[in-house]
Amino acid sequence: MRVRGNDYRVLLPAEDFTPRLTVSVIVPAYGGQDKLDLALAALARQTYPAELTEVVVVDNGSTPPLRLPAVRPPGTRLITCDTPGRAAARNAGLAEASGDVVHWLDSDVLLTPGAIEAHMRWHHAAPYLVVTGYIRFTGAAVPAELPDDLEKAFEPAEPHGWIVDLVERTDGLTDNPQRPFSLHVGGATSVAARLVEAAGPMDDDLVLGQDTEMGYRLAQAGAVFVPEPRARAYHLGPTMRMRDKERIDRVSHAFVADRIPSYRWLRSHPGRQWKVPYVTAVVDGTAGYESVRATVDALLAGTVPDLSVVVTGPWESLERERRAPLTDPGLDLVLVHGHYRHEGRVRLAEAAEVDPAVPYVLRLPPGWAPGEDSLARMLDLCRDEGLGLVSVLLEETADGVVAARLERSAAFARARVVARPGEDLDDVVDEVAGVIWVEGETYAFTTEPAAVTGRRGALRARAEAQAEVARLTKEVERLRGQVGKWRDEAGRWRKTTVELRREVSGLRRQLAAANRAQQGMRAMLSITVKRALGKRPRA
């Protein structure tokens with residue numbers, strides 16, 4: 001069964017599986033002999049077969065040196081690592097490990113009896129999983145011996161809050177999470193050994209954040225990340241990060257920003273370069289100087305500065321002796337080499353090899369130039385939809401289709417793990433992540449790129465835009481003032497209208513009274529005339 005994205009629910013691991021995989025539990029330790037004794041005693045109670053389990057305890061320079069207690073799993077050995085640091089100690093244990101699965105365990109973490117079995121149930125279902133248990137942090141005093149009932153002894157305890165929140169927000173990491181690798185924590189996480197081999201050991205140059213950085217490289221190697229609530233454990237006391245989160249994050253972020261491109265908020269600078277770029281573009285450098293330059297320059301001038309370009313070609317074959325340049329049959333290759341030799345974001349390489357830690361790879365035929373925002377739009381589409389491949393149809397010719405490809409490295413790594421012999425890799429990527437075709441014209445790809453404005457042009461345009469905004473802001477304020485005057489004038493008009501209405505109403509009343517008086521006078525006059533006529537003597 002193939003997992004699409006990180007939706008591991010399709011695996012359906014068997015409850016009554018037959019254990020056959022070996023597991024190496026690596027326990028780095030610096031001091032804390034009392035806690036180590038308890039951790040090893042908890043490992044001795046595991047329900048997973050002891051003959052399939054080995055435990056490697058790494059003494060990272062403790063004074064006095066650590067020792068193995070009497071209560072421990074039978075396959076336990078103690079080695080030393082003089083290089084300070086948890087990453088170095090874990091790498092020393094990793095070099096000694098022989099298991100099919102590597103289980104990281106801190107020396108102050110006590111596993112409940114069924115924890116390793118809960119991990120291994122998943123690893124028997126697929127060979128490319130990273131499984132993390134649920135750790136609870138107890139403030140209880142460290143006992144002299146391991147209690148029979150860990151829950152009764154160490155509760156109430158505090159959950160690993162941010163892991164619980166991450167799992168709940170993403171429906172158990174199945175709802176297209178952007179950074180599922182954040183689940184990789186060294187306290188109680190197991191990893192398929194083949195993934196570790198592909199990703200490489202922990203980065204011991206890092207001061208902090210080694211677990212997360214390795215989790216990122218495991219994701220790049222095709223890992224699926226699984227939270228397993230039945231793999232429970234108790235951490236004796238709070239972690240360093242829980243005690244001082246802001247200061248820990250300050251140190252960690254300063255280093256992991258260079259190595260984890262997915263942490264976009266740590267890469268807010270508009271132009272600087274990083275150890276691991278967000279995207280690498282691959283361009284064939286043998287297609288002619290003008291064609292190569294049109295493509296590479298458009299990429300470098302785009303809205304994605306977190307980018308590197310690999311220009312492929314037989315650079316080692318270029319002859320260094322003096323010759324007439326206009327008659328040199330390899331002149332175009334010489335021009336490409338000379339034009340980009342000292343550009344920091346361009347690497348001239350014999351083959352299209354890309355650092356596996358780079359999350360996205362763009363393969364673009366020379367002569368085709370993306371628009372200024374083309375790559376950013378493609379990256380948004382790929383990330384938001386969880387796609388493994390965005391193919392861009394540039395043109396159709398008698399020789400076939402010309403296309404560009406934006407590949408998500410993790411999806412292709414997963415596809416290579418699960419592909420059957422002879423199976424088309426793009427078809428497998430479609431199953432595990434998704435493939436989509438888009439029109440090049442829709443994404444502003446062209447063979448006639450617009451002139452590159454450059455940073456000064458962009459600065460000038462921004463200054464002009466800011467000036468226009470300022471002008472429009474003043475105009476808005478002027479119009480607001482005018483509207484205020486009009487409102488005042490309208491208020492005066494309304495007041496005058498009311499007064500006029502009152503005056504008209506009064507005049508109407510006066511006119512009505514005058515009409516009534518006039519009618520009364522007419523009536524009296526009529527009566528008087530009639531009376532007068534009535535008294536006149538007859539002729």
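**Legends to close-up views of the predicted model**

**View 1. Surroundings of the His-235 side chain.** The side chain of His-235 has a polar atom 2.6 Å from the backbone oxygen of Gly-237. This is a predicted model, in which local features need pLDDT of at least 70 and side-chain atom pairs count only at pLDDT 80 or more, while totals for chains, interfaces and linings use all residues. Residues are numbered from 1 along each chain as its sequence is written, and side-chain values use heavy atoms, with hydrogens and water left out. The side chains of His-235 and Asp-108 are joined by a polar contact of 3.3 Å (a pair of N or O atoms within 3.5 Å; within protein, one must be able to donate a hydrogen and the other to accept it, and residues adjacent in sequence count only if both atoms are side-chain atoms).

**View 2. His-235 in strand S9.** Strand S9 covers residues 224-236 and includes His-235; strands (E, at least two residues) and helices (H or I, at least four) are DSSP runs, numbered from the N terminus. His-235 counts as buried because its relative accessibility is 6% (buried means under 20% relative accessible area, exposed over 50%, partly exposed in between; 1.4 Å probe, protein chains only). With neighbours within four places in sequence left aside, His-235 is in contact (heavy atoms within 4.5 Å) with Asp-108, Val-109, Ile-135, Arg-136, Phe-137 and Thr-138.

**View 3. Leu-195 and the largest nonpolar core.** A nonpolar core is a set of buried Ala, Val, Leu, Ile, Met, Phe, Trp, Tyr and Cys residues joined through side-chain atoms within 4.5 Å. The largest has 55 residues, and those touching the most other members are Trp-104, Tyr-128, Leu-129, Leu-195, Leu-218 and Phe-225. Not counting residues up to four places away in sequence, Leu-195 touches Tyr-128, Leu-129, Val-130, Leu-218, Ala-221, Gly-222 and Ala-223. Another core lies apart from the largest one; it has 38 residues, among them Trp-315, Leu-364, Trp-368 and Phe-445.

**View 4. Phe-255 in helix H9.** Helix H9 runs over residues 245-256 and holds Phe-255. With a relative accessible area of 31%, Phe-255 is partly exposed. Phe-255 touches Leu-206 and Val-207, residues up to four places away in sequence not being counted. Pro-127 is 128 residues from Phe-255 along the chain, and their C-alpha atoms are separated by 31 Å.
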